[in-house]
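Thanks for coming. I will go through one structure today, starting with a single chain and ending with how the chains meet. Please have the sequence and the model open.

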There are 2 protein chains.
Amino acid sequence: MSTRMRSADRRRLLAQATRDIILTEGEKAATVRAITGRAGMPLSSFHYVYESREEAVREVWPLLRADDSFFAVPELPEGTTMEDVIIGMVTSWFRGTAAEPLKELGELELFVHSIRTEELRALPAEFQSTYEELVIGALENAMEQLGVTALIPMRSLARMVLIVTDGASKGMLVNADAIQPDELIPPLFSGFNRFFAAVDPA
Amino acid sequence: MSTRMRSADRRRLLAQATRDIILTEGEKAATVRAITGRAGMPLSSFHYVYESREEAVREVWPLLRADDSFFAVPELPEGTTMEDVIIGMVTSWFRGTAAEPLKELGELELFVHSIRTEELRALPAEFQSTYEELVIGALENAMEQLGVTALIPMRSLARMVLIVTDGASKGMLVNADAIQPDELIPPLFSGFNRFFAAVDPA
């Protein structure tokens, strides 16, 4: 690898290598040696780019946000309700995490490591806010299509969505067969249509 | 400490020390050196008792089950419904975990470490079954008091309870203020009375 590689490129490659190791082999496997090895760089190059291993781990967080297609709301057929939308969103997200359990485990390891590590402590909350915004954006898209308005704070709705997705994902890691999403997710959001009302046509 | 301490006592003290370190300083802090230090034993004593550090970690799991008072169902006042019981159970469990966030974080670290570690991989599922049984037992106690029977499998009810408690506990670790249990938990179980019916008096 050319020693003339630009610093920003090296930084990006090392961050991606850190993410790849965490999401496949786990957080503890992401040593400086493993990171540089995966990035195809000499071990000694690491500290020209990052002060510490934790600084590289910090840069993994924004890289996690690559595939949030679960939050994309399709064109909704006639008769769809917000309850249908929420159940569909949580179920499709759950199926996505269940399809990649190692990735989900790696994200959970990154989460607990960051909470435990002083210099990374703030990241999970920032990340959670981003997630809440994604859920709110998706719900608002659906609400506009359905011509309804929310009767409770959007953030509360988003947090309930995230409570169920996080809890179901953890359950899936324990026992993949225990969480049958079509059986366990709809009852938790049943009745949520009461939190929405038709917008008065102006 | 007497070298004549019985082997079973040493084993128990080392397992308790391992648990105490994980639930206060975190899973990674539970080195053999830290464990023996906390137990007040010489470092060299560890391998007379345990083959490996992971063998001590394994014995932490059964020690976690000390305070399951959240599942104790009190005498239920007239007019209580199963929905009230479930919301009360999840809310009180949530408050318990929120009162001891370090302990909750330590349990989550133990969880991800065990899932990742071949020789500990089966433990979280065993633990989850125990939890499910506790929830089922508590619900059955309440059902008997209220004279109702369940219309869906008890295990499904227990899993929905655990999805919400796990998700809410994770959210609490991210941002303690974000999870207001009285706002976010009741809507998720609203309508659950439909899963129960009065027992025909024989």
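Along the sequence, chain A runs α-α-α-α-α-α-α-α-β-α-α-α-β. That amounts to 11 helices and two strands. Keep in mind that this is a predicted model. If you draw a box around the C-alpha atoms of chain A along the principal axes, the box is roughly 65 × 40 × 30 Å.

Where the two domains of chain A touch, domain 1 contributes 13 residues and domain 2 contributes 17 residues.

How much area do domain 1 and domain 2 of chain A bury between them? The value is about 1400 Å², and 67% of it is on carbon and sulfur atoms. On the domain 1 side, look at L23(A), E54(A) and W61(A): these three supply 56% of the area that domain 1 buries against domain 2, more than any other three residues.

As for polar links between these domains of chain A, there are zero salt bridges, but eight residue pairs are in polar contact, both residues being at pLDDT 80 or more. The helices of chain A that each supply at least two residues to the domain 1 side are α1 (7–24), α4 (53–58) and α5 (60–63). By type, the residues on that side of domain 1 of chain A are five nonpolar, three polar and five charged.

Now the two chains. Interface size comes up again here, and a word on that: it is often given as the accessible area lost when the parts come together. For chain B and chain A, the buried area is about 3800 Å², with carbon and sulfur atoms giving 64% of it. The contact uses 43 residues from chain B and 43 residues from chain A.

Which residues form a salt bridge with a closest N and O distance of 3.6 Å? They are D166(A) and K170(B). In total, six salt bridges are counted between chain B and chain A. There are also 18 residue pairs in polar contact between the chains, again with both residues at pLDDT 80 or more.

On the side of chain B that touches chain A, six elements of chain B supply at least two residues each: α1 (7–24), α7 (101–116), α8 (123–146), α9 (154–174), α10 (181–184) and α11 (186–189). The largest share, 11 residues, comes from α9(B). Sorted by type, the chain B side holds 23 nonpolar, nine polar and 11 charged residues.

Definitions and conventions:
Residues numbered from 1 in each chain as written. Chains lettered and ligands numbered in written order. Predicted model: local features only at pLDDT ≥ 70, side-chain atom pairs only at ≥ 80, totals over all residues. Heavy atoms only, no water. Contact = heavy atoms within 4.5 Å. Buried area = accessible area lost by both parts, 1.4 Å probe. Salt bridge = Lys/Arg side-chain N within 4 Å of Asp/Glu carboxyl O. Polar contact = N/O pair within 3.5 Å; in protein donor to acceptor, adjacent residues only side chain to side chain. Helix = DSSP H or I, 4+ residues; strand = E, 2+ residues; numbered from the N terminus. Nonpolar A, V, L, I, M, F, W, Y, C, P; charged D, E, K, R; others polar.
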